[in-house]
Amino acid sequence: MTLFDRSRQLVPAPRETRLARPDRRLFLRGGLAAAGSLALGGCDLSDNPHVENVLGGFSRLNDRVQGALFGGTRLAPTFEVADITPDFPFNAYYPASRIRVIDGATWKLELSGLVSDRTPWTLDRLRALPQEGQITRHVCVEGWSAIGQWSGVPFRTFLERIGADLTARYVRFDCGDDYWTSIDMPSAVHPQTILALDYAGAPLPPKYGFPVKLRIPTKLGFKNPKHIMAITVTNEYPGGYWEDQGYNWFSGL
C-alpha cells in the first residue's frame, strides 16, 4: 500500500514492456557461495529451501557485521570538479525511455512513522533549509562506478527538523517510480547523507531523480532512491525492491 497519491504528481510514462527482472538470488549466491561452501556440504546452489535458508542466514550475518563495523564519522572519499564523470549514467530497474517526470509544483514529501511533525514538505520548503554539496563516487552493484556533484539538505538536519526518533532502527523511502528501499538510522544521520535537490549546480533532471534523491555515498547505488515521495521512520524492518529479491540489505561500501 502506498502512502501517497502518485496520480496528482506524475506525468504518465509511455506504456512499454517492463524489463525482465534478473534473478537477484544469483547475486546472493555468488557473493556468499565461497563463505557458505563448507556449511552447504554437498548441496548445489539450486532453488531448494535448505540452500535459500542457509544463504539467507549468511546474508543476515553479513548485514550485522557491516552494521557493527560502520563508522558514523568515517567519510567516503571526495573528489575535485575535474574528476566528475562526463554524462553521469542513468540507472534504474527500467529503461531510460520510462524515466518518470514529476510535477514539482504539486509534489509534496509525505511523512509517517516515528516523527512528531508529519506535515508534508514542499520543494520550496526543502530548499529553505541549510544546503551542503559533495563530489562523491556512486558505486553500482553491477560493477561500474561514476563520480558526480550533488547538493541538498543534510538528512540528519531534516530528520531533526521533523522530530524524527533518531533511536529508531530504520528509515524507509517510497518513490514515484514504484521503487522503495530502506536504510539503517546510523547511515541516515551520517554527515555525508543528503536529500539531494541539485546536480552540478542545477535542479536535478528527471533522469537523476527530480525532485529529490537520497545521496548516500557510504552505500551501494541501489540504496540511493530517486523521485522520493514518502519517508517513514520505523522500528519494523521495511525491506526494499531489490533487498526483497536477495540483495544484502545493509550494502555498505
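First, the ground rules. Residues are numbered from 1 along each chain as its sequence is written, and side-chain values use heavy atoms, with hydrogens and water left out. Because the model is predicted, local features need pLDDT of at least 70 and side-chain atom pairs count only at pLDDT 80 or more, while totals for chains, interfaces and linings use all residues.

Confidence next. pLDDT is the predictor's confidence in each residue, from 0 to 100. The protein chain averages 82, and 72% of the residues score at least 70. Over residues 11-46 the model has 56 contacts beyond four places in sequence, a contact being heavy atoms within 4.5 Å. Over residues 50-61 there are 24 such contacts.

Now the sheet. Strands here are DSSP runs of E, at least two residues, numbered from the N terminus, and two strands pair if DSSP finds at least two bridges between them. The open sheet has 4 strands in the order β3-β11-β6-β7, with mixed pairing. β3 (110-113) and β7 (180-184) each have a single partner strand, so one side of each lacks a neighbour in the sheet. Neighbouring strands are turned by 20° against each other on average, direction ignored; the axes are lines fitted to C-alpha atoms, with angles from 0 to 180 degrees between N-to-C directions.

What joins β6 to β7? The two run antiparallel, with 5 bridges between β7 and β6 (residues 170-175). D174 has W180 of β7 as its bridge partner. The hairpin has 4 residues between the strands, and D178 takes a positive phi near 65°. Of the 5 residues in β7, 4 are buried, meaning under 20% relative accessible area with a 1.4 Å probe, protein chains only.

Rings of Phe, Tyr and Trp (its six-membered ring) pair if their centres lie within 6.5 Å; planes under 30 degrees apart are stacked, over 60 edge-to-face, and the rest tilted. The structure holds 22 aromatic pairs. One of them, Y241 with W242, is edge-to-face at 4.8 Å centre to centre and 85° between the planes. Both Y241 and W242 are buried.

Last, charges over rings, defined by NZ of Lys or CZ of Arg within 6 Å of the ring centre and within 35 degrees of the ring normal. K213 lies over the face of W150 at 5.4 Å from the ring centre, and K219 over that of F250 at 3.4 Å.

Technical notes. Buried < 20%, exposed > 50% of the residue type's maximum accessible area, 1.4 Å probe, protein only.
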